[in-house]
Amino acid sequence: MQLPKSTEVFSKVSWFDEIDSTNLELARQLKTGASNFSAVIAGSQTSGQGRLGRNWDSPSGSSLSLSILISAPFPEPGWLTLLAALSVKRALAGLGVEGAGIKWPNDLHVDGKKVCGILAQLLPQGDVVVGIGLNLSRQQPELGATSLAELGVDIDIDSAAAAIGSEFAGLLEQFAIEPSLVKQDFSVACITLGQRVRAELPDGSEIKGIASEVDRHGQLVILTPERVSLSAGDVWHLRS
Ligand code: BT5
């Protein structure tokens with residue numbers, strides 16, 4: 001498939017009708033010269049990866065699977081997932097979807113349903129693969145998912161990938177110059193902040209508290225009331 005809009009945005013674009021996982025493919029392409037801001041885009045994945053070994057559903061014809069290589073040194077790698085999420089939020093707003101909120105660290109929800117998930121993976125040499133899965137049309141109802149089609153937006157894979165890529169490029173640049181402004185924008189977009197949450201820590205223990213801020217490393221600060229900083233893991237919003 002030709003991807004003229006994406007080709008304008010990314011340094012290189014590889015398209016696959018079907019692949020195991022765009023994140024895995026981009027990691028493989030590092031050995032054959034993938035460079036900063038290269039993208040792998042697929043129409044479907046047979047082993048789409050979520051976080052913590054979970055599966056990401058990306059059936060043919062209904063989703064965008066996009067992975068972007070960040071190989072230039074980045075001041076705060078913990079922010080890459082959050083910046084990708086903010087890029088998707090901005091791209092959706094540009095398409096007329098205003099109500100998307102970021103559930104820290106990697107989900108975009110509209111009306112409580114997940115429309116996008118992000119998986120950033122650090123590779124051994126220090127490069128980061130940022131993988132973005134966006135539902136374009138109807139998903140299995142049991143996933144608690146929504147899609148752009150359900151939200152009244154009809155968009156092709158090339159346009160969606162280019163819109164996200166161009167927002168992401170802009171945010172990476174802006175973050176290098178004025179990180180505090182970007183962090184502020186993220187805080188406004190993040191629906192987790194101010195919520196009472198339950199979080200699972202890496203050692204398997206659980207905490208409950210108020211999600212108060214995202215710190216300079218991209219970690220979620222939860223007041224239990226002690227201050228606990230979470231860099232990864234699952235967070236559930238609780239009803240207060
Ligand atoms: C994520 O994990 O949300 C990260 C998803 C990243 C997918 C992209 S696609 C391009 C790139 N290549 C890859 O192989 N991966 C990345 P997590 O927060 O762990 O959420 C996973 C959970 O979301 C699953 O356990 C399901 O409950 C749910 N889920 C799976 N597929 C979904 C979908 N299409 N829409 C909404 N929810 C889904």
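Predicted model: local features only at pLDDT ≥ 70, side-chain atom pairs only at ≥ 80, totals over all residues.

User: Which residues come nearest to the ligand?

Analyst: A residue is near a molecule if one of its heavy atoms lies within 4 Å of it. There are 28 residues around the ligand, and those that come nearest are Ser21, Gln49, Arg54, Lys114 and Asn135.

User: How far is a polar side-chain atom of Ser21 from an oxygen atom of the ligand, and what are the distances for Arg54 and Lys114?

Analyst: For Arg54, a polar side-chain atom lies 2.7 Å from an oxygen atom of the ligand. For Lys114, an N or O atom in the side chain is 2.8 Å from a ligand oxygen atom. For Ser21, the distance from a polar side-chain atom to an oxygen atom of the ligand is 2.7 Å.

User: How much of the ligand's area does the protein bury?

Analyst: Accessible areas come from the Shrake-Rupley method with a 1.4 Å probe, and for residues only the protein chains shown count as cover. Taken alone, the ligand exposes 790 Å², and the part of this that the protein buries is 91%.

User: Which elements give two or more residues to the shell around the ligand?

Analyst: Helices (H or I, at least four residues) and strands (E, at least two) are DSSP runs, numbered from the N terminus. The elements that give two or more residues to this shell are helix 2 (22-29), strand 3 (63-70), strand 6 (113-122) and strand 7 (128-135).

User: How many residues of the shell around the ligand are nonpolar, polar and charged?

Analyst: Ala, Val, Leu, Ile, Met, Phe, Trp, Tyr, Cys and Pro count as nonpolar, Asp, Glu, Lys and Arg as charged, and the others, Gly among them, as polar. By this division, the shell holds seven nonpolar, 16 polar and five charged residues.

User: Is Ser67 buried or exposed, and which side chains make polar contacts with the side chain of Ser67?

Analyst: Ser67 has its place in strand 3 and counts as buried because its relative accessibility is 0%, where buried means under 20% relative accessible area, exposed over 50% and partly exposed in between (1.4 Å probe, protein chains only). A polar contact is a pair of N or O atoms within 3.5 Å; within protein, one must be able to donate a hydrogen and the other to accept it, and residues adjacent in sequence count only if both atoms are side-chain atoms. The side chain of Ser67 makes such contacts with the side chains of Thr22, at 2.7 Å, and Asn23, at 2.5 Å.

User: Why does Leu66 count as buried, and how far is Leu66 from Ser212?

Analyst: Leu66 lies in strand 3 and counts as buried because its relative accessible area is 0%. Leu66 and Ser212 are 146 residues apart along the chain, and their C-alpha atoms are separated by 31 Å.

User: Which residues does a cis peptide bond with omega of about -5° join, and which does one with omega of about 15° join?

Analyst: Most peptide bonds are trans. Pro105 lies in the loop between strand 4 (101-103) and strand 5 (107-110), whereas Pro225 is found in the loop between strand 10 (220-223) and strand 11 (227-230). The cis bond with omega of about -5° joins Trp104 and Pro105, and the one with omega of about 15° joins Thr224 and Pro225.

User: What is phi of Leu52, and what is phi of Asp111?

Analyst: Leu52 lies in the loop between strand 2 (38-42) and strand 3 and counts as exposed because its relative accessibility is 62%. Asp111 has its place in the loop between strand 5 and strand 6 and counts as exposed because its relative accessibility is 73%. Most residues other than glycine have a negative phi. For Leu52, phi is positive, near 50°, and for Asp111 phi is also positive, near 50°.

Definitions and conventions:
Residues numbered from 1 in each chain as written. Heavy atoms only, no water.
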